[in-house]
Amino acid sequence: MNTYTQIITRTNSARFLNTNITIPHGTVAISTEAFQKKSKIQQICFPHTLKRIGARAFRGCCSLSSLTLPESLYDVGPGAFSDCAALTSAKLPSSLEALPKELFLQDRALKHISFTENTQRTKLIRQRTFEQCTSLTSVGLPDSVDTIGNRAFYHCKNLSEVHFPSQIREIGSEAFYNCAMDELILPDSLEYLGDSAFFKCTHLTHVVLPQSTKYIGKWVFHGCNRLQVLEIRHDPEYIGPWIINRSATIRCYKDSAVDRYCQEYGFKVSYI
C-alpha cells in the first residue's frame, strides 16, 4: 500500500477532496489540519482501518452536514470538527476513551449527538468539547463517563435535557454555563461540582444534591434567577462562596455545617 493511502496529510489531501469524500480502506490516520477549511466537503465516509484523526483535521469545513466515526478510531485531536457551521448530527464510536477538547466547538447547527449502544470505554468529556453548540437540545452521555470537563457544554443555551451518567464523579467549572435545563437529576456517584458549573441556568427551579457530593465550588448555581430551592441533605467537605442568588432558599438540616454556611452568607434557609 502506498504511503499516501496509509496516512492522509495536508500535502496529499487534495487527492481525495470532493463533495462526498471516501477515505480509502487501509488509511490509518488523517493528520493535523489535513482538510481544514475545505468548504467543498459535505459528507465523509471513513474506513474501518482508521485509528487516528489529528487536531483540527476538519475544522471549518462549513458544508459538512453529518458525521459517523468508525469503531476503529482510538484517538481524535483537539478541535477536529470545530467551526463546522452546517454540521447537524454526529455519531460517536465506543472506541474513544475521551472526547477531545473543542471537538465540536462553535458547531452552532449541531442538534443530535449519539453514541454507540452499550459504550463502556468512554470515560471523559474534555474541556470545551461542545462549547457554543447552541442548537443542541438534549444529550444522553454513556454511563461509562465519569468526568465532564470545564466548559464542556458552555453556552449551549438550548440544552434542556441531559442524561447524566450513573458513574459520573466530576462536573467541571462552567461545564453547563447558561444551559436550559429546568430540572437536574444528579446521580449518587457525583463527588465534585466545579466553580459556576450551572451558572446562569435560568430555567432551573429546584435542585437536590446527592449525598455523595463532597465539593461544591463557588457560584455553582449563581445567576439561576428562577431557582427557588437548593436542597443539601448532608455536609459536604467544601462549599464555595455564593453558590446561589439571595432570592433562593437552601433546604438543609438545622445546626448542620450547611446551616452555618447559610447564616454566614445571609441565605434564606428552610429545614428538613
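The model is predicted, so local features need pLDDT of at least 70, side-chain atom pairs count only at pLDDT 80 or more, and totals for chains, interfaces and linings use all residues. Residues are numbered from 1 along each chain as its sequence is written, and side-chain values use heavy atoms, with hydrogens and water left out.

Me: What makes residues 206–209 strand 17, and which of its side chains are buried?
Reply: A strand is a DSSP run of E with at least two residues, and a helix a run of H or I with at least four, both numbered from the N terminus. Buried means under 20% relative accessible area, exposed over 50%, and partly exposed in between (1.4 Å probe, protein chains only).

Me: Why are strand 17 and strand 19 said to pair?
Reply: Two strands pair if DSSP finds at least two bridges between them. Strand 17 and strand 19 (residues 229–232) have 4 bridges, in the parallel sense, so they pair by that rule. H206 has V229 as its bridge partner, and V207 has L230.

Me: What does strand 19 pair with besides strand 17, and over how many bridges?
Reply: Strand 19 also pairs with strand 21, in the parallel sense, over 3 bridges. There, L230 is the bridge partner of I250. In strand 19, V229 and E231 point one way and L230 and I232 the other, and all are buried.

Me: Why are the buried residues of helix 1 placed on the same side?
Reply: In helix 1 (residues 257–265) the buried residues are V258, D259, Y261, C262 and Y265. They cover an arc of only 155° around the axis, which puts them on the same side of helix 1; the arc is that of the directions from the helix axis to the C-beta atoms. R260 and E264 are exposed on the face turned away from that side.

Me: What do the buried residues of helix 1 pack against?
Reply: They pack against strand 19, strand 20 (238–239), strand 21 (249–252) and strand 22 (268–271), where contact means heavy atoms within 4.5 Å.
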